[in-house]
Amino acid sequence: MATHSFLGTWEIIRCKVKLPSSEKTEPTGIEGAWMKLDEGGDVTWTVPEGFEDLPLFNCETYDIFNTSGVIIRFGAYQGHIIEFRVDQPESSDQMRMTCDNWCLLQCARVSPTDPVPALDAPFSLLPALEDGYFSDLSITASNNKKFAVHSCILKLSAPELDWSQDPPPLSGLREDVLGTILHYLYAECLPANLAEATAKQCISASSVYPCLSHLVTLCQHYLRHMSLKQQIMSLVTDMHTCANHIIQHLSAKPSSSSGENLSANPARLCFVVRQSVREAAVAGAKLLVLCDLFTQRKSELNREQRHEIIRYAKSRLPVFMNQLHRFLLGLKSTLSNMSSAQRQEIATYLVPEIETILETVLSLGLKIKIALESIITSFNEPHQDHRHSGVLTRTLQELLYKREITKFKNWLQRHSNSLYQLLQRKDGFNEMTIGNKVRSVSRSLEQLVEELPVFLLRLEEVTAALDEKLEWKEFKFCFKVGSSKVSGLLRRFLNHCTVLQPLLAQLCSLVARDA
């Protein structure tokens, strides 16, 4: 089925939930809810008044793909994607959605002639303010700038103010502040390209007028949006800076005193690697903060403001790809310039470093294993958070709860296998003679030199196809789901700070250590 056949507004006309304790189904009472799927990948829910806050209704984006059948994925609720198998058995105006082990939704398309709930079309009187035709009142700003206004409009917008007094209310305000307030009175919205300083002055000037309380709320909301946007831009800038530092470390010119480059100075090469790993760790931490910040505060923003932030994130992808390309080129240049003797010398220097690294990684791995085991144990404790919720919410929460337990158990299994393989590699490396260790490290360096051109070629192919393959709709879904997953994991980990403390302390010590 083509994706466009699912676009439009759908009404849930029948819903049945499968109870986990039996094969019976039970009506849920959400019949009448509306679901609008638009071309941009957004889903808008219109829920009957008084209905409980179902996790599904917190999802604001969707994705459709066709494997053995059509699947609609809604994302994301606390890092979870809610999937439905879909078929249209009778006509394109009917749709049946089934979420395994949860419920079945029978939906009917809402035709364009049906009364679809929607916001009133925006209406603005701004042309009257901008042109000043038929004005009967003039308000003067602090710089003597005069605004030709209409008392009938002002009386409708702010009836509590006496517009017949002399001078009129709002007189003597700064031009930008007065212009913003009048813009609101004529259009009930804020002007485009509003400066933060002006918004703060508007709050101060409008707070004394109860009839302008909504303007104060709009300005406060705008300032929160700008603050969040600036924080995210600052985090992205920090990540770019970390990447540039790594590239600079690899591309550093030979010291004027020694004249040696990285390939001829093993100690300096190891120092560069340590510094680069540290910068990469800092950039990774910044990315985690960004994802959590967006997820936790996105409710403060409207949809367009959220999309503005996501568009900015997408615009930075080519820059990050370019930085990764430059990093690989610098690494390739450094390693390719090594002679066989230099490679042997560096391998000799790296042997004790690798032994230390293996010990450190193994120690971290064991701490991670202990933390995962503790988290899974807490999962197995009785789960009572949603016992008073409705049947639909309760069964969905139980389903997502079981999925999360399974996910953590799978992580623990994979991590344990990796830890066992690492332990075997460590023991095998320690059992080698010094000569064999040096030869093993030297061969690994040669293999890396041979594989780097392939990495570069594939990276160039991915970068060239980035805009074509990763369209706005797909990126938006991935960004929202990915940031929700990261935030959900961080929330889960915060509930186990005591168990994670040794691991975090060791990681912070490694990152902050002076190399």
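In strand 4, which residue is the bridge partner of Trp34? The partner of Trp34 is Thr46, and this pairing is a handy way into the fold.

This is a predicted model, in which local features need pLDDT of at least 70, side-chain atom pairs count only at pLDDT 80 or more, and totals for chains, interfaces and linings use all residues. Residues are numbered from 1 along each chain as its sequence is written, and side-chain values use heavy atoms, with hydrogens and water left out.

**Strands**

Helices (H or I, at least four residues) and strands (E, at least two) are DSSP runs, numbered from the N terminus. Two strands pair if DSSP finds at least two bridges between them. Strand 3 (residues 34–37) runs antiparallel to strand 1 (residues 8–18), with 4 bridges joining them. Here Thr9 has Lys36 of strand 3 as its bridge partner. Strand 3 is also joined to strand 4 (residues 43–46) by 4 bridges, and these two run antiparallel. Their hairpin has 5 residues between the strands, and Gly41 takes a positive phi near 90 degrees there.

**Salt bridges**

Side chains of opposite charge can pair when their charged atoms come close. A salt bridge is a side-chain nitrogen of Lys or Arg within 4 Å of a carboxyl oxygen of Asp or Glu. By this rule the model has 21 salt bridges. Three of them are set out here.

| Lys or Arg | Asp or Glu | N to O distance |
|---|---|---|
| Arg73 | Asp63 | 2.9 Å |
| Lys229 | Glu308 | 2.4 Å |
| Lys426 | Glu359 | 3.1 Å |

Let's take the Arg73 and Asp63 salt bridge, at 2.9 Å. Arg73 lies in strand 6 (residues 70–77) and Asp63 in strand 5 (residues 61–66), so the pair ties together parts that are 10 residues apart in sequence. For burial, the cut-offs are under 20% relative accessible area for buried, over 50% for exposed, and partly exposed in between (1.4 Å probe, protein chains only). Asp63 is buried, at 16%.

The salt bridge of Lys229 and Glu308 comes next. This pair links distant parts of the chain, 79 residues apart: Lys229 is in helix 5 (residues 213–251) and Glu308 in helix 7 (residues 303–336). Lys229 is partly exposed at 21%, and Glu308 is partly exposed at 29%.

Lys426 and Glu359 also meet in a salt bridge. Lys426 sits in helix 9 (residues 391–431) and Glu359 in helix 8 (residues 340–379), so this pair links distant parts of the chain, 67 residues apart. Lys426 counts as buried at 10%, whereas Glu359 is partly exposed at 43%.

Finally, salt bridges that share partners join Asp42, Glu60, Arg306, Lys476 and Lys480 into one network.
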